[in-house]
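Good morning, everyone. Please bring up the sequence and the model on your screens, and I will talk through what was computed from the coordinates.

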Amino acid sequence: MLERRDFRSWRFTVVTALKSQDKPAQLASRRHGIGFWLAGYVFAITIAFSTVPAPLYVLYQARDHFGSLLVTIIFAVYALGVAASLFLAGHVSDWLGRRRILLIAVATNMVAGVAFLFWPTVPGLIIGRIVTGFSIGMLTATATAYLSELHAAARPQAPRTRAEIVAAAASLGGLGLGTLVAGMLAQYAGAPLRLPYLVLEVLMAAGAVALAFTPETVPPPGHRRRYRPQRIAVPAASRATFFAASIATAVGFALFGLFTSLAPGFIAGTLHDHSHALAGAASFAVFGAAAVAQIATSRTTLRRQLGIGMSLLTLGLLLVTVAVWYPSLALLLIGGVLAGAGAGAVFKGGISTVLAVAPPDARGEALAGLFLAAYLGLVVPVVGLGFAVEAFSVRTSLLGFSVALAMVIGLVSRRLLARRPGGGGL
């Protein structure tokens, strides 16, 4: 009996000790799980601010009497700000920490909001857009890597699927949310060039507070690292895959650029519908379709996901072009939704590809490279379209835009969808 009691006592002691050791691990896992959703909120609401001006451009145009070319220039300086930030600061969270860089990104975007509120002229709009672009460049790659790492810490045995979906949905869903909120407030509330910025400022401030409750995932470096500009860190065997996915992502973002820069003006000018709510809802529909497509295709193979994305993107571009030649709001929205869904699937495939081939200690750099390509795709074709509209009709210009993108889609599809042996295949 004594030996049995001793054994029971020993077993109780061991089990209690093991449970006491598990408790800190469970608390840490729960904290990372909560931090995952808080970081997703910060990502979505901060990137939402970047599209607030989209449905408001027609108001700026009417007030300051400028045309579509200046709209594309204002849009371009934002995208160039993103590209510059990705090159200069998109990778520094790999050693300075994800949470710190996210907080800086939120604060930078709030500074841009101050510019929009207190410098409401074209120069102020341009400066504000540049500052916003610099913020988003710090945000995108950092937040995507942060979500992946928080999810891995909270659920070590789970696949990355949830983190990838939340990152892509926060990015594209946030872009759509910004246009929707701004359009609704401009249509149904007062002070259309002030209230949307004030509302997003408050939401971003709440995001900054939320970051205080998210744990850091990057350990402090053992030694002080020397700063250098961005480079793309991808294994040599996977570079062809990486660059092909980057080009595909750039094509998808060109479609997003079309709807956030010129589509509101087309709805107001060609279709003679001056509803700011409609302009915001049209862009929201495109980004919303992109987010839904990412979720719907998340369980398909990467090759199939990219194939579906490329097909929908091409079909959507065709319908949007027809809607401009034979003005139709319904056809414009249908085409935009289809093209947005295709772009979303391609974007999700690009993120999955990069996270799969990038070394763990250089995910921020590799993702920054992907987003750099994406935002170059966002600006270059749309600026070209803006200049073309000055020289040719909107119909002819959009036809050339669509044909050029379709040709790139065809070339990239052959590379991405080909079955290739070896580590660099899809």
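This is a predicted model: local features need pLDDT of at least 70, side-chain atom pairs count only at pLDDT 80 or more; totals for chains, interfaces and linings use all residues.

Let me begin with helix α6, which is mostly covered, since 25 of its 33 residues are buried, where buried means under 20% relative accessible area, exposed means over 50%, and partly exposed lies in between, with a 1.4 Å probe and protein chains only. Helices (H or I, at least four residues) and strands (E, at least two) are DSSP runs, numbered from the N terminus. From its first C-alpha to its last, α6 reaches 46 Å, close to the 48 Å expected at 1.5 Å a residue, the expected span being 1.5 Å times one less than the number of residues.

Residues are numbered from 1 along each chain as its sequence is written, and side-chain values use heavy atoms, with hydrogens and water left out.

For the chain as a whole, there are 15 helices and 0 strands, and 53% of the 426 residues count as buried. The accessible surface comes to about 18100 Å², of which 69% belongs to carbon and sulfur atoms; these areas come from the Shrake-Rupley method with a 1.4 Å probe, and for residues only the protein chains shown count as cover. If we take contacts, meaning heavy atoms within 4.5 Å, between residues at least 6 apart in sequence, then 85% of them join residues at least 24 apart.

Now to the charged pairs. How many salt bridges does a search of the whole structure find? The search finds 3, a salt bridge being a side-chain nitrogen of Lys or Arg within 4 Å of a carboxyl oxygen of Asp or Glu. Asp 94, Arg 98 and Glu 149 are linked in a network of salt bridges: the closest N and O atoms are 2.8 Å apart for Asp 94 with Arg 98, and 2.7 Å apart for Glu 149 with Arg 98. The latter pair links distant parts of the chain, with Glu 149 in helix α6 (residues 122-154) and Arg 98 in helix α5 (residues 98-118), 51 residues apart.

Turning to the nonpolar interior, a nonpolar core is a set of buried Ala, Val, Leu, Ile, Met, Phe, Trp, Tyr and Cys residues joined through side-chain atoms within 4.5 Å. The largest one has 110 residues, and those with the most contacts inside it are Leu 255, Phe 256 and Tyr 375. Helix α14 (residues 363-391) gives the most to this core, with 14 residues. Leaving aside neighbours within four places in sequence, Tyr 375 is in contact with several residues, among them Ile 47, Tyr 78, Ile 136 and Phe 253.

Thr 51, in the loop between α1 (2-48) and α2 (57-64), is buried with a relative accessible area of 5%, and the Thr 51 side chain reaches the backbone nitrogen of Thr 179 at 3.4 Å. Beyond four places in sequence, the contacts of Thr 51 include Gly 174, Leu 175 and Thr 260. Thr 51 and Thr 132 are 81 residues apart in sequence and 9.8 Å apart in space, C-alpha to C-alpha. Gln 61, in helix α2, counts as buried at 18% relative accessibility, and the Gln 61 side chain reaches the backbone oxygen of Phe 66 at 3.3 Å.

Note on methods:
A polar contact is a pair of N or O atoms within 3.5 Å; within protein, one must be able to donate a hydrogen and the other to accept it, and residues adjacent in sequence count only if both atoms are side-chain atoms.
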